[in-house]
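Reader: Before I rely on any label attached to this model, I would like to hear how each one was decided. Could we go through them with the cut-offs in hand?

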Amino acid sequence: MRSRSRWLAAFRTPVGVISSILVLALIVVAIVAPSAFGHGASVDDLRQALRGPSAQHLLGTDALGRDLLDRVLVATRLSLIMAALATLIATVGGLLLGALPAVTGRRAGALIGAFINLTFAFPGLLLAMFLAIIFGLGEQGAVLAIGISGIPSIARLAQTLTASIASADYVTAARMLGVRRDKVITRHVLPNIAEPLVISVTLSLGSALLAFAALSFIGLGIQPPGYDLGELLNQGLPQISYDPAASLGPALTVVIAGAAFNLLGDAVARALGPTAVPAGRRRRSQGSAAPASPPVTSGNVLAVDDLTVAFPGPSGALTPVAGVSFALAPGEVVGIVGESGSGKSLTALGVSRLVDSPGVVSAGTLSFAGADLLTRNGPAVRALLGTSLSMVFQDPLSALNPAIKIGPQLAEVTRVHQGQPRKDALARAVDRLSAVRLPAPAKLARQYPHELSGGMRQRAVIAMGLMGAPKVIIADEPTTALDVTVQSQILDLLRTVQAQERAAILLISHDVAVVGQLCQRVLVMYAGRIVEDLPAAALAADAAHPYTRALVATVPDMTTDRDQPLATIAGRPPSPASLPPGCAFAPRCMFATEQCHTQRPALTSFGTRRRVACWHPQITEAAVPLAEGTVPG
Amino acid sequence: MTVTRVRIEGATVRYGTGRHAVTAVDCVDLDLQAGRCTGLVGESGSGKSTLARAVTGLTRLSGGQITVNGAPVRRPRRDVQLIFQDPYASLDPRRTVGQSVAEGLGPAAPRGRTARTDAIIRLLDQVSIEASTIGSYPSELSGGQRQRVALARALAAEPAVLVADEITSALDASVQGSILNLVRDLQRAWGFALLFISHNLAVVRYVSDTVTVMYCGQIVESGPTKEVLARPEHPYTRSLLQSIPSLSRLATEDLTDAASPVAIPAQVAVRTSQAATADPADPAAPPSGCRFHPRCAVGPLNRPDRTICLTSDPARDAASRRHHAACFFAAPEPGADAESPAHLGPARNS
Amino acid sequence: MIVRGGGAPAGLAPARRAAANPWVRFTVRRLTRFVVSLWILISAAWAIVHAIPGDPVRAALGLTAPQSLVDQERHALGLDQPLLTQYGHFLHGVVTGNLGTSLTYRLPVSQVISSRLPATAGIAGLAFIVVVIIAIPLGMIAGVLTRDDRHPRGELAFSGFSGILASIPQFVLAVGLVALFSVGLHLLPVAGQSGPSSYVLPVVSLAAGPAMLLARVIRVETMRVLHEDYMRTARAKRLPARLVYVRHALPNLLTSTLTVSGIVLSGLVAGTVLVEAVFAWPGMGTALVHSIIAKDYPLVQGFALVYGAAVLLINLIVDVLIAVVDPRSALKET
């Protein structure tokens with residue numbers, strides 16, 4: 001069902017429609033042409049020889065007075081049949097050869113693989129020409145030559161696909177369950193390599209068609225009096241100076257036939273490929289219902305009000321981040337915690353103006369170090385952001401450019417933004433590398449990122465953020481890719497940097513404990529919104545939002561009671577495409593009432609240190625609402 | 001039902017040959033018992049996943065042996081099952097939930113369409129997956145649901161031994177808890193021996209009866225969970241314990257005094273250029289002697305007189321194995337000893 | 001004192017130790033592969049004659065030729081000797097440059113090849129330069145402009161135009177160009193090698209398709225690289241767009257560009273045969289076709305060696321260039 005609808009989708013695209021009509025037309029021509037146009041194509045009429053195009057003979061006639069259009073149509077059949085036969089040979093041969101390494105032993109498999117790679121390096125047409133001398137000129141020889149020359153590319157594809165499926169976890173699971181080898185192949189391997197193979201066979205049908213035309217054109221394929229499109233082109237070429245139609249007719253047909261199969265393959269590949277993204281219309285998102293403003297004080301280094309990040313979706317814009325408001329005081333360490341899809345990383349990117357098109361960021365206020373990031377976007381703001389706002393990302397290996405050495409990668413920051421000479425910037429880079437306690441910084445600066453270990457790379461990324469004078473460090477899951485002991489070192493380093501540079505830190509993490517460990521204040525996000533803003537010390541026992549409480553309870557730590565089942569949260573977070581009208585957490589919340597399902601609670605201040613978006617906040621101690629139910633700001 | 005016993009004796013797994021050989025698992029001894037959960041913790045390169053594959057027969061041993069009830073494990077067998085880390089890769093995207101679970105049903109399973117469907121539904125029920133999901137494809141399920149289906153498929157083989165390799169690390173926090181509960185319930189109901197592997201000590205602590213700590217291919221400490229975690233003897237175990245961020249500790253400790261548990265003293269960084277990196281040791285180039293010594297707070301880094309750590313490997317030295325810890329200077333009770341590693345750690349002057 | 005400076009370093013050791021010898025290992029490995037491939041190629045060229053069903057000499061001379069002539073020819077080709085001896089002679093001939101005498105030209109094969117090689121290499125080389133000059137900027141600009149569904153119309157225009165041009169076979173394009181520019185507009189010569197203007201159409205018809213193919217690959221690769229984390233880091237550093245693309249994106253495109261360039265260049269070599277046929281170009285292609293039709297076995301074998309060696313050499317050069325540009329990926333491979 002699922003895959004059939006995907007196949008259908010392939011034929012609903014414009015390219016799919018056009019290419020399937022073309023292919024169908026070719027097949028119809030191949031079937032009816034010999035009986036319909038065979039007479040004009042084969043009966044000599046020397047009185048009409050070598051005439052140019054006319055109403056009677058649209059493409060003119062050949063040296064024996066035969067109608068060229070008729071001959072082109074009739075030739076299509078032979079071209080198609082031969083292409084189909086050759087593709088059949090290539091596919092069967094390629095599959096057998098490509099699957100062989102999976103069946104034979106390791107050494108034999110490696111040899112076969114090497115052989116496939118060697119033959120793959122040779123252009124198919126070149127192989128076909130040399131095979132033509134072995135198999136002889138003519139129909140049979142050409143089919144064999146082109147068929148065999150097509151084997152390497154199919155074999156290579158089959159080999160790579162088979163190898164990747166054979167190492168998949170589900171095949172390993174089947175092996176452990178004692179599933180027989182032939183069953184593994186029919187159940188798991190074949191169905192999973194079928195789609196790419198079908199695409200590739202369609203494409204090779206097109207290229208086989210062109211290869212026949214080429215071979216016949218140079219006289220190594222079909223021999224007269226037989227004719228296919230290439231042979232017609234060959235016969236037409238000598239007359240090109242006075243009768244171009246004689247060669248352009250077959251040429252155009254070759255192009256159309258080849259393109260039809262290529263386009264069909266493309267259309268199918270696009271519909272089935274993993275990159276298939278439904279095309280959506282871009283639309284600017286409207287601001288959402290007014291949420292609570294943060295307690296904005298003029299001294300904040302970063303202030304965000306009503307931040308929304310929107311992406312075009314198949315049915316209207318999606319807003320994975322909506323109405324987020326918060327502020328960072330100088331030197332303050334704030335965490336954003338949430339599960340995957342909660343919008344925490346996008347919030348970080350939105351704040352730092354790094355959301356790429358087609359994402360659209362809108363906000364009521366977005367100011368950094370006194371500069372309004374919403375309106376200003378000149379070199380001055382770029383320099384300010386480049387030197388005062390540093391970013392640390394999750395995977396330190398992919399965050400560093402593999403093609404540039406560490407030193408120049410760091411030096412770039414001050415060279416571009418402060419016009420520092422190369423030498424001085426490099427010296428600063430070395431100094432910064434030692435500031436993050438990396439050993440032998442001068443030597444390290446001359447190394448490529450892949451020569452460093454994971455923890456060292458993350459230190460280098462942090463050092464990059466220290467090239468200027470950071471006012472805010474945004475760290476997006478900076479320790480998630482690292483080992484526990486390394487994680488604690490990196491958190492330690494962030495803490496030191498914060499103290500030395502007096503920089504504020506915005507730490508984004510899925511790990512409540514990590515956030516709690518480093519931060520003074522924590523923002524909890526759920527389904528794109530901040531649901532609670534509370535002091536880190538209150539996380540463990542004094543969270544007000546039911547989601548925060550559940551999140552903390554569900555993660556075991558070293559004091560969790562082993563005799564009790566872990567707390568769990570039923571259900572799963574809503575997707576940004578189907579957000580409920582009320583509180584997004586209501587369907588999973590044990591305190592939810594009718595109101596929760598219909599009305600979305602605003603982020604409301606309780607006391608001076610806490611904001612909660614909940615109709616039933618679990619306030620335990622002295623935290624009395626500032627003004628219950630009202631929306632400050 | 002016979003009481004299953006898995007014995008891992010001197011298990012060694014080596015990849016590659018000659019100078020490029022990497023010993024991923026080095027002479028590991030471990031026992032698994034029916035109805036017991038053995039937790040295995042370690043960082044990247046510790047060899048824990050390689051050991052898991054060796055126990056399931058997917059990886060061949062270069063030395064030592066692994067037996068299940070006396071019979072050596074040489075190839076995959078139905079009574080030893082593995083649950084993978086990534087539930088998105090362990091289910092065939094083109095087969096329905098029912099088809100995937102059916103794959104686990106063995107020759108002893110009932111014949112006939114309805115009988116098999118009933119068996120599948122019973123298995124799905126065991127992992128709290130609704131019967132209506134039987135025709136769904138993995139792409140329609142959440143990560144947690146997929147992991148449940150993978151569990152059901154393994155249960156279908158009625159395993160005597162279940163190896164769970166980082167089964168919650170790809171899941172969200174709110175899902176992890178329910179999978180951990182499920183694994184514990186299943187073990188109680190089915191009575192298989194469970195080898196539970198994770199980098200997360202808190203998770204291992206929650207499910208395991210005994211805990212084994214691996215470092216760079218070797219077991220450095222092993223024992224009942226409560227004892228090992230309450231009184232860790234190996235400095236590496238202690239550093240692991242201290243590295244775990246914890247909310248409950250937060251309430252009692254002052255943040256600014258939190259010391260880094262692994263030795264990264266600046267003054268050492270000047271002398272030994274590698275100390276400050278303090279990343280886990282690379283099994284392709286294991287340090288000499290005790291493999292933890294370049295990072296050890298009680299080792300030669302801070303105590304230059306302890307040269308034995310540079311020359312002898314405590315994991316291979318039976319005499320050093322006091323209290324299940326492969327350390328020449330295993331401290332039974334940190335805190336009681338004034339020279340215990342906790343105090344020798346990198347005193348951050350702040 | 002710490003005796004051994006903290007023992008074996010954990011993080012740096014493998015990288016540092018490996019840096020010393022991987023180049024040697026890579027060179028040895030790659031050269032071995034080249035030599036083995038060359039040997040397979042030579043053996044395959046030798047085997048062509050023996051793979052022909054029936055008597056190849058009889059097939060070449062026709063059924064009416066007298067038996068004495070066939071025998072004479074068989075002796076001249078050495079086909080009457082034991083197989084192993086023939087193989088030895090062939091290997092010896094390849095090493096010494098003596099590839100036998102062409103049956104049709106009655107000239108040494110090496111002489112026929114050397115007289116025709118420059119014309120073919122000329123158009124293939126020029127076409128490759130044109131391909132690279134067009135494809136890299138075009139692909140990158142298209143990738144930058146059309147990433148993430150920006151400019152959907154521009155994407156359609158680029159995909160459509162390049163897709164159509166790439167799927168027109170070179171010889172068909174050549175016929176079309178001749179019809180338009182030579183026959184229709186009388187701007188360029190119809191055929192033959194005569195001065196710079198005669199190079200235009202062969203080179204354009206050779207280069208157009210591959211250039212579009214390469215541009216398409218580079219566009220996709222550009223979009224992939226633009227999504228990499230390090231590009232986000234570069235943007236987070238607020239570098240000017242020029243630096244982001246040229247310094248951070250371009251070097252990371254080179255590996256895939258080189259790989260595809262190798263395939264494109266090999267394809268160009270094959271394409272010359274057809275394009276030469278259209279333009280009656282005095283290169284190896286026309287002689288190759290002639291030798292296959294005439295069953296001039298020694299010449300066919302010679303051409304098989306030259307074309308095959310060209311492909312192997314291209315692959316070797318591409319692999320070495322990739323290793324230089326991106327040592328990490330090339331040297332790691334086993």
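Author: What follows takes the labels in turn and sets each value against its definition.

Author: This is a predicted model, in which local features need pLDDT of at least 70 and side-chain atom pairs count only at pLDDT 80 or more, while totals for chains, interfaces and linings use all residues. Residues are numbered from 1 along each chain as its sequence is written, chains are lettered from A and ligands numbered from 1 in the order in which they are written, and side-chain values use heavy atoms, with hydrogens and water left out.

Reader: What makes B:E103 and A:R187 a salt bridge?

Author: The term asks for a side-chain nitrogen of Lys or Arg within 4 Å of a carboxyl oxygen of Asp or Glu. For B:E103 and A:R187 the N to O distance is 2.8 Å, so the pair meets the rule. The pair crosses between chains, from helix α2 of chain B to helix α9 of chain A, where helices (H or I, at least four residues) and strands (E, at least two) are DSSP runs numbered from the N terminus.

Reader: Why is B:E103 called buried, and why is A:R187 called partly exposed?

Author: Buried means under 20% relative accessible area, exposed over 50%, and partly exposed in between, with a 1.4 Å probe and protein chains only. B:E103 has 5% relative accessibility and therefore counts as buried, whereas A:R187, at 22%, counts as partly exposed.

Reader: How do you know that B:D31 pairs with B:R7?

Author: The N to O distance between the side chains of B:D31 and B:R7 is 4.0 Å, and the pair is counted as a salt bridge. B:D31 lies in strand β2 of chain B and B:R7 in strand β1, 24 residues apart. B:D31 also meets B:R5 in a salt bridge, at 2.4 Å, and that pair ties together parts that are 26 residues apart in sequence, because B:D31 is in β2 (residues 22-33) and B:R5 in β1 (residues 5-15). With relative accessible areas of 30% for B:D31, 34% for B:R5 and 36% for B:R7, each of these residues is classed as partly exposed.

Reader: Why does A:E451 have no salt bridge?

Author: The nearest side chain of opposite charge, A:K443, is 6.7 Å away; Lys and Arg count as positive and Asp and Glu as negative, with His and the chain ends not counted. A:E451 sits in the loop between α17 (441-444) and α18 (454-465) of chain A.

Reader: What makes the approach of A:E451 to A:Y448 a polar contact?

Author: A polar contact is a pair of N or O atoms within 3.5 Å; within protein, one must be able to donate a hydrogen and the other to accept it, and residues adjacent in sequence count only if both atoms are side-chain atoms. The backbone nitrogen of A:Y448 lies 2.9 Å from a polar atom of the A:E451 side chain, so the distance falls within the limit.

Reader: How do you know that chain B and chain A form an interface, and what is its buried area?

Author: Contact means heavy atoms within 4.5 Å, and 75 residues of chain B are in contact with 65 residues of chain A. Buried area is the accessible area (1.4 Å probe) that two parts lose on being put together, summed over both; here it is about 6,000 Å², of which carbon and sulfur atoms give 55%. Across this interface there are two salt bridges and 25 residue pairs in polar contact, both residues at pLDDT 80 or more. The largest share of the side of chain B that touches chain A, eight residues, comes from α5(B).

Reader: What are the corresponding values for chain A and chain C?

Author: The contact takes 67 residues from chain A and 65 from chain C, and the two chains bury about 5,900 Å² between them, 71% of it on carbon and sulfur atoms. The rule finds two salt bridges, and C:R247 and A:E412 meet in a salt bridge at 2.7 Å, N to O.

Reader: Is A:D306 buried or exposed, and is C:R106 buried or exposed?

Author: A:D306, in strand β1 (residues 302-313) of chain A, has a relative accessible area of 18% and is therefore buried. C:R106, in the loop between α5 (83-96) and α6 (109-146) of chain C, has 55% and is therefore exposed.
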